[in-house]
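User: Hi! Could you walk me through this one in plain words?
Analyst: Happy to; here it is.
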Amino acid sequence: MRVKSVIKYQSHDYIKAARGYYLTFIGITVFFGLILRGRGTYTIGGYEFLTCIFLFVVGLSSFKEFFLMMLQNSISRKTMIISKLITILFMGLILAVSDRIIILIGKLLSNISENIEILGFYDRVFKSRMSLLNPVVSNLEAIFITIFTYIAVTLVGYFVGIIYYKMNKTLKLFVSIGVPATLFVLLPLFDSMFFGGNLSKFILKAIQFIFNGKNPYNLLLVCVGVIAVCIVLCWLLIRRAVGKDK
Amino acid sequence: MQINFDNERPIFIQIAEWIEDAILAGAFPEETQIPSITEFSVNYKINPATALKGINILVEEGIVYKKRGIGMFVAAGAVKKLKEKRKEQFYDNFIRKLVDEAKRLEISKDEVINLLERGYDHEYRN
Amino acid sequence: MSIEIRKISKSYGNIFALDQVSFTFEEDKIYGLLGRNGAGKTTLLNIITNRIFPDTGEVLIDGIPVKENDDALKKVYMMSENNFYPAGMKIKEIYRWTKEFYPDFDTEYANKLADMFELSLNKTVKSLSTGYNSIFKIIIALSVNTPYVFLDEPVLGLDANHRDMFYRLLLEKYSESPSTYVLSTHLIEEVSNVIEHIIILKKGKIIKDESREDLMSYGYAVSGKASLVDEFIIDKNVIGIDSIGGLKSAYIMGQVPKGNLPEGLEISKMDLQKLFIKLTDN
């Protein structure tokens, strides 16, 4: 069945990328571990954050090459997106589990050695939640939440990738400069000028809501929402996409 | 072995004629195999359907026949059949054209006969 | 078993790239899809293979609409100028994935062909010259074993030896295990004897859809003194005229007249390229 073949193809690419990512990370960790032995502390917090960046970039960069390869092999766009979603699901699962394992190993190392301290982003943010539950359940819950986060991030990256593909050069330039400029320059400016700083307060409140230390399910809700929206948008964009050899 | 295809007649007819020429020249003796459709197609870069059509003409005329599972063979008596066919066509294909050209160049009948004799002599001396 | 093209139209802005195009690709034949640059050949092929979408009309493969349908799409393969394969992928990896998506892909045969063309399987797509870019795609097209194979300008960049090899391999492959092959090209003379059926596109419209034999059988040229030619062609379907000094050649679609011609006129058959040029001239 063609869906299976496409998943195989996509996974092959993703796994290659993930392998590189993990090797790099482990390499750097070992490197610093060796350098800093006995000389200072080496703290890694927010490890999942790195994985999120990795997944976003992978989602972003994978569209064009994948899309064209699929067209060349006469795969329908329907099959493309279904396979893509399944692959992203599996990737999210695998990475969430392996990241949690790495964090748990890290915690172990932190207890043993005085120089290394490896924490998870999730553990730091949802500390109070985790302390309420027994370790097994809290870690399983962590994996569960992380899976959705990873899927959401990958899909956002993918969505941006599709948009970029459909844009011509000038539009791409405009967006690449315009979006960050709007977010980080114009928005704060407008905020202080017109909204009296309320916009920033609102954004802050939203972040606090999502990363509420006692209730990770706000984050889950947001992720599910993002996933749903992305899936719809991605499908709408792909179904009319055509092959371009830029 | 080359075939120079011209535009004047359909390719499949030219294929048939080429095979006939080869049979008459002894290149394909009777009861021996002639090249397959694929061989014709690939060697002369023509569509197999065209090659097939040409060969089928010869099949219909009884010049070649098909041995199932093996290929196409020159029929017994093919040479005789071909010679007779060509003799009948000789008048149309050669004599008429010769006479037309001779008339165009105002060569008299006697002069033509002299030329014919010269032609036959020439052959034996070679 | 066939590919039916039904009233396909596609326009870009005000220009009709394809205008109500309808015809059929039958099974196990070698077709020539001929047309000048910009006539709409590539657009048509892209629509048949679901790469772009028509404005109106539909394409049916063995009765199933092609659009977004994997059952129909797995029966076609197209090689074209476009490079849709990942630039950094090695040829042998491409073979491996082609086999994954087209289970009937004959890897052994593909490897044999790579040898014949002296193509190294370890090379990446981006390291290939234009010629070898065409070659690796031709090899896949010949090895993929789908019922319908489309080759859009297959011999782009190929030297004479490789072009010759390609046509021979195509005919050999076709003889041994027939499929429908569609050669879309503007190199008319080369493919003339290889193709069985001809479809000519002119400015987005089909102007000819016939077997090569039929098409060739009723096209001829009549030449001689201009006044004689003019008289002769009064009731004929003339598709083009060349004149030098007092001599004229008129190109006519119709049965070659039997019997005697008026004195001073000569009749000759047109080759396919000439016929094509006269039919598609403006």
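Analyst: A term to start with: two residues are in contact if their C-beta atoms, placed from the backbone, lie within 7 Å. Also, this is a predicted model, where local features need pLDDT of at least 70, side-chain atom pairs count only at pLDDT 80 or more, and totals for chains, interfaces and linings use all residues. Residues are numbered from 1 along each chain as its sequence is written, while chains are lettered from A and ligands numbered from 1 in the order in which they are written.

User: Then which chains share the most contacts?
Analyst: Chains A and C do, out of the 2 pairs of chains in contact. Chain C brings 20 residues to that contact and chain A brings 19.

User: Which parts of chain C supply at least two residues to the side that touches chain A?
Analyst: Those are α2 (70-73), β6 (76-79) and α3 (91-101) of chain C. Of the elements, α3(C) gives the most, with 4 residues. The names come from DSSP runs, numbered from the N terminus: helices (H or I) have at least four residues and strands (E) at least two.

User: And what classes of residue are on that side of chain C?
Analyst: The side of chain C that touches chain A has 9 nonpolar, 6 polar and 5 charged residues. Here Ala, Val, Leu, Ile, Met, Phe, Trp, Tyr, Cys and Pro count as nonpolar, Asp, Glu, Lys and Arg as charged, and the others, Gly among them, as polar.

User: Switching to chains B and C: how many residues of each are in contact?
Analyst: 14 residues of chain B are in contact with 18 residues of chain C. On the chain B side, α2 (37-44) and α3 (48-60) each give two or more residues. The largest share, 4 residues, comes from α2(B). By class, that side of chain B has 8 nonpolar, 4 polar and 2 charged residues.

User: What does UniProt say about residues 9-77 of chain B?
Analyst: An unreviewed UniProt entry annotates them as "domain: HTH gntR-type". UniProt positions are given in the numbering used here, feature names are shortened, and annotations may be inferred rather than shown by experiment. In the model, residues 9-77 of chain B are 51% helix and 12% strand, and the end C-alpha atoms are 27 Å apart.

User: OK, what about chain C by itself?
Analyst: Chain C has 10 helices and 14 strands, and its C-alpha trace spans about 65 × 40 × 35 Å along its principal axes. Of its 282 residues, 42% count as buried (20 or more other C-beta atoms within 10 Å of a residue's own; exposed is 12 or fewer, partly exposed in between, with C-beta atoms placed from the backbone).

User: How is chain C divided into domains?
Analyst: There is domain 1 (2-214) and domain 2 (218-280), with bounds from an automatic or database domain assignment. Their C-alpha centres lie 35 Å apart. The contact takes 9 residues from domain 1 of chain C and 6 residues from domain 2 of chain C.

User: Last one: how confident is the predictor?
Analyst: Chain C has a mean pLDDT of 92, and 100% of its residues reach 70 or more; pLDDT is the predictor's confidence in each residue, from 0 to 100. The complex gets an ipTM of 0.90 and a pTM of 0.88.
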